[in-house]
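Welcome, and please load the model in your viewer.

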Amino acid sequence: MNRFKVVRADTCISCCLCESLCPYGVHRRVEGHTRILPPDDRKCIGPACEANDFFCVANCPTNSLSLRESDNFKSLGDPRWTADMILATWHQAETGAPLPLDHPANEGRSGGGFDELRLVLPEKTPRYDPDDMSTSMELNRRGTGERIRTSVPFYGGGMSFGSISVHTMLARVVAARKWDTFVSTGEGGYPKLLVPYSDSIITQIATGLFGVREETIQRSRIIEFKYAQGAKPGLGGHLLGDKNTPDVARMREAVPYTSLFSPFPFHSVYSVEDHKKHFDWALSINPKALLSAKVSTPNDVEMVAVGSYYAGAHIVHLDGGYGGTGAAPEIAKKNIAMPIEYAIPKVHRFLMAEGIRDEVTLVASGGIRTALDVAKAIALGADGVVTGTSELVALGCVRCGNCESGRGCPRGIATTDPELERQSTSDWGSSILDNLYSSWRAQWCELLARLEMSDISELVGRTDLLRYRQRPAKEVGE
Amino acid sequence: MKRTAKRVIESRSWVADTVQRPKTASAEAEGGCGVVGLASSVPIVGRHILSPLAQMHNRGNGKGGGIAVVGLSPEQMGVPKEILDDDYLLQVAYLKPIARRPLEDEMIRPFFEIHEEYEVETSTDEALLARLEVRPPAVRRYFCRVREDALEAFVKENGLEDLDRAKAEDEFVFQNSFRINHRYYASGDMQAFVMSHGRNMFVLKIVGYAEDVIAYYRLEELRAHIWIGHQRYPTKGRVWHPGGAHPFVGLDEALVHNGDFANYHSVTEYLAQRNIVPLFLTDTEISVLLFDLLSRTYEYPLECIIEALAPTTERDFELLPEYRRRKYRAIQAVHMHGSPDGPWFFIIGKNAVRERRLQLMGITDTSMLRPQVFALVDGDVQIGIVASEKQAVDSVLGSISEEMPSVPRYADKYWNARGGSHNYGGAFVFSLFSEEDGRGPMRLICTNKFGEAVSTPYRGWDRGEDARLARPGSGAAGDAAFVADIAHRKNAESSFRSFASSLASRPGDDISALFSRVVSYASESDSHRVEMVQLLTLMIDRVYPTGRLRPARITGLATEALEAVLRSSPRVEACKRSAHQLVDIANREALRAPDSPYDSLVVDCRDFPMEGEGGVSFVISKAKALGWNHVIAFATNGHRFIGCGLGPRSNGFRIDVHGSPGDYLASGVDGAEVRVHGNGQDQLGQIFSDGRLVVYGDVGQTFLYGGKGGEAFVMGSAAGRPLINAVGRPKVVINGTCLDYLAESFMAGNPLYGGGFAIVNGIAFDGTGRLVELPEAYPGGNLFSLASGGAIYIRDPRGQVGEDQLNGGRISRLTEADWNLMLPYLQENERLFGISLNDFLLKVDGVRRPPEEIYRKIEAVPLITLSGKTQMQDLGE
């Protein structure tokens, strides 16, 4: 996408002076053609060029060139996901190159959340070998059962078949497998195409129990119980009629084109001892599985976390309020859950005081957009994060927010419409995500090197490395 | 408000002044717990309450257990009867022994006349002490009255001259204990606290399991009329003091609680406005303080107290009689802010001193979010039980019946309560009182919120016959011809019919002889055992008239006989050629593939753990994997997850479950058939995909939650929320009804084109084994809410179901296509349960009617709020 718009007026005489001036290759004439091509403004560096001798607009003998911000760019993004950040993510996803740690696109302009936090990093980067750096996350920190390590400090969060296309699901899973990590199915089942990858899949059991069958529980190494979603606490999942296409309906065993609502909460779980029973049920079907409890962030989130631990959870997953696709109601996304940057240190410290922090894998989600957001979440006290929207952005999402309507997604990501889906393939998607992850890992390696660390777990709970932008004196997480 | 009530509240103003403002949330979050309460007309020894508490071990986590006892024996307590009746039984737990001297000198001796005092005896069992993470406190017991001068000063100081002297004394005790707790516990270093101070009752609690309380304080042989036990499941980890454990006391009552308030803050504010401040910061404490305020200070009758705690709302409120509505409206106007919101269930044991009654009550929240079951036993020994799980009831009765054979193994009546219901109020009270002015033996009556008596369904049985049946092997010969005819007939169905039709005229001795013959005959050969298992199963499953005999006794005897017969099966490692092969906890490793596909594996569940990889469910799924096609699991007692883990497409596999199986039975089944020969508990058939589930009794909460298909037949009723979020094509027959929230968010397509449906018959067996229509086909206020597919066929010939019970559905006329769809299921229902289609279901007042006049169809209507597109347009986007 072009950030700037270079306009060539009809008065141009194709003298091609601009072609000879521009070092970026915006202007080009094909050998043998009389007229110069329209400007390739994706390569233009914008008004910053004014200072240069070779600035095309100033040099044009017929004054035919003008420069302005592109309309597309202006309409892209929002304070949380700025246009810069979206473009940077696309760039990372296409090239796999890391974004410099001081690049402004690492942060948004929301004025809150992770944008309000700054990591204090030494200027100098010592020499380091990325192969010596560990960015892995242990998913089972209890003494018993299968030990599972991911090579990156994240796994893919639950987005169901129905909410996103099967290509998108497959792309995420293929990329996850390459990186020894996982992707949660979300509520609503397990399309056949994913079965060969079940070692990299987390089966989600959500309040509607859509698509949950014994075989889906037995297949997975990790089972995630979705109690609540930070984007809409107090609401279950919902899939409006338009997106409930026949394929989706078959998976959920529902009637096509009716709206599907999951209740809130689990009507079989009204207490922590019900919660343990619920876990035990899953274990009676698959005794080897690791268990994850996905909860939102109410005021007493630390009690919820400790309760989940005692009920047998290996992973406690805190879902804060900044996440959610366009399908989650705005009013819920912005106003209900406790901000995740408060919830993480609260839970981390409480678990420390209880003496059980070492036995829990604490992961956070909800508005984690960039590699630096991940690092900040870890410094606040999480072991890792759960991603969602950033992957969709990498795949081309422009954050238009029409996810809930069946033919609303212009990029064919959050849709199950057979025509729209054709815009992407899972092979392309998985290479895009692979690039994004490579880029992220390179960023973490540099960050660790600067901090003279060699393992990302050393960063856990280092709130001393974080500063509030507005209130530098206040300690983060208090 | 009465002037005296106002004065009493004013007299507590020092409380609000001394104690800091309450916190906004309870400091110790906790969830559900295991609770059991028992009231008996004959004193019961403590060891009988051990087994249900051990059964509910998994409802606690060892961080708190407690016992309350009401109605003690003077001999055991070491005081004369008058002292026991009249004195306050003050029990102080000294967490730090050094606190005793100053506490006594400052808070007890100056104000009380002490008639007896001693240390509560404790166990020295090394194993027990090693098991307890935290050593329980030393507890000292004082039998005391307030000194005349101290009381006089208290009355004068607070202007309580108009208050009844005895009530003033109560208030003094209450405030004095608060002072002790504040000074020695809450204000800092937790040295000591008052466990209880009521008359003829006490509370003991520890950090540990409730059964450890009984063992540690040596309560096994203590006799009492009312027992309450509580397994606590606090979520906060390092609990080291027992102050937070349940029960909590008001004055003469102890309360345990299963659940969690959502409005702790609001209730504490409400109490703070009345000068009551909690010290232990759990929602149970504020519950009992609330109860005490309503009962002792405001002197409300019980009905009004229950209404203040669990207000009647919505449709139920509208259905109340006018005078009650007026009264309740007034109560709600004043006390709504103090009524606990969220999932809760209280069990309260009370010594109602002024009414000369001992009471045990269970109160459920209006939304019915916690599991609960009530049970009643009639006869020479009358027992009322309240518990979180039915198996806890059976477990306590099993234990008592061993000591007192006249008590049957099963209760005469079991039921669940619908919170805030207009017809009984969702709360029940067992009251013990003695006729002849306190000297005669105790009698027990059960009443509902409105004070109406609740009795067992059949009371025509003869106590003498029952006593003879209760003592098996009394040598009675019985009628040999009758016994032989039933036992040797070679056809279980026909034997059963003959048994059921002749039972009414048979004396107990014949039946005794029959059961012993059945057991001995079964041991003779394989085929005999198969016949007898079939016969006994029918006797347990069906409901039939029992004449002079007690129905619960027959079921109990048949169950005992069945267990004996099945236990006599050859063990799986010993014999390869047998129709039944036995596995129990000892030989479960020896389980191997069957020799013949027709053999049945018999699993004796008695000693298996409730859950986990050593549990019954894993034995069954292993048997399935090894190639067994039929498993009989018997003597279950709360065992969970039976039928889970069988894997996909388990068609052709069948499980028969006897006893009291636990939660999540058959959850996830995809093809197999599971039969429950008795009541099922909560969460049966979650995500049930295919296959068949037959329950010869009632089912608990969230039956078939998220179900996807298969068939289910329930002989009795369902508790709350059956079929919630079910999709696909489940086909269900419920012969009784459901408490409320039937088929919420049902999404099972169009039943006429392969979708799912539920048939609700709204009928029940009465005490004499006859079928009757229930007073209401569907009592709840929420039917088929927000459903987008499927249908409910409800037997409602009197047109009782109204649009006001629906939220998104509509009532329409039954078509021929509907009837053709239902018919095979109703025929199967007849075959399974003996509920006749032509002779009963299709008749109204004895007259045959066409199906469309009897059944009504409730189907989904497209709702604007459920369709995304319309919603978007409405928002103008």
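Start in chain B, where helix 9 passes helix 12 in a left-handed crossing (the near helix is turned anticlockwise from the far one by less than a right angle). To see the contact (heavy atoms within 4.5 Å), select B:D170, B:E171 and B:F174 on helix 9 and B:L289, B:D292 and B:R296 on helix 12. By class, this contact has two nonpolar, no polar and four charged residues.

A word on the ground rules: this is a predicted model, where local features need pLDDT of at least 70 and side-chain atom pairs count only at pLDDT 80 or more, while totals for chains, interfaces and linings use all residues. Residues are numbered from 1 along each chain as its sequence is written, chains are lettered from A and ligands numbered from 1 in the order in which they are written, and side-chain values use heavy atoms, leaving out hydrogens and water.

Now widen the selection to residues 165-186 (helix 9) and 283-297 (helix 12) of chain B: their axes come within 13 Å and cross at roughly 165°. The two helices are therefore roughly antiparallel (angles over 145 degrees).

Next, select residues 526-541 of chain B, helix 21. Is helix 21 mostly covered or uncovered? Mostly covered: twelve of its 16 residues are buried (under 20% relative accessible area, 1.4 Å probe, protein chains only). Among them are B:H528, B:R529, B:M532 and B:L536.

Finish at B:S401, in helix 16 (residues 390-403) of chain B. B:S401 counts as buried because its relative accessibility is 14%. Leaving aside neighbours within four places in sequence, B:S401 is in contact with B:V407, B:P408 and B:R409.

Technical notes:
Axes fitted to C-alpha atoms, helices over the stretch in contact; angles between N-to-C directions. Helix = DSSP H or I, 4+ residues; strand = E, 2+ residues; numbered from the N terminus. Parallel < 35°, antiparallel > 145°, perpendicular 65-115°, else oblique. Nonpolar A, V, L, I, M, F, W, Y, C, P; charged D, E, K, R; others polar. Expected span 1.5 Å × (residues − 1). Buried < 20%, exposed > 50% of the residue type's maximum accessible area, 1.4 Å probe, protein only.
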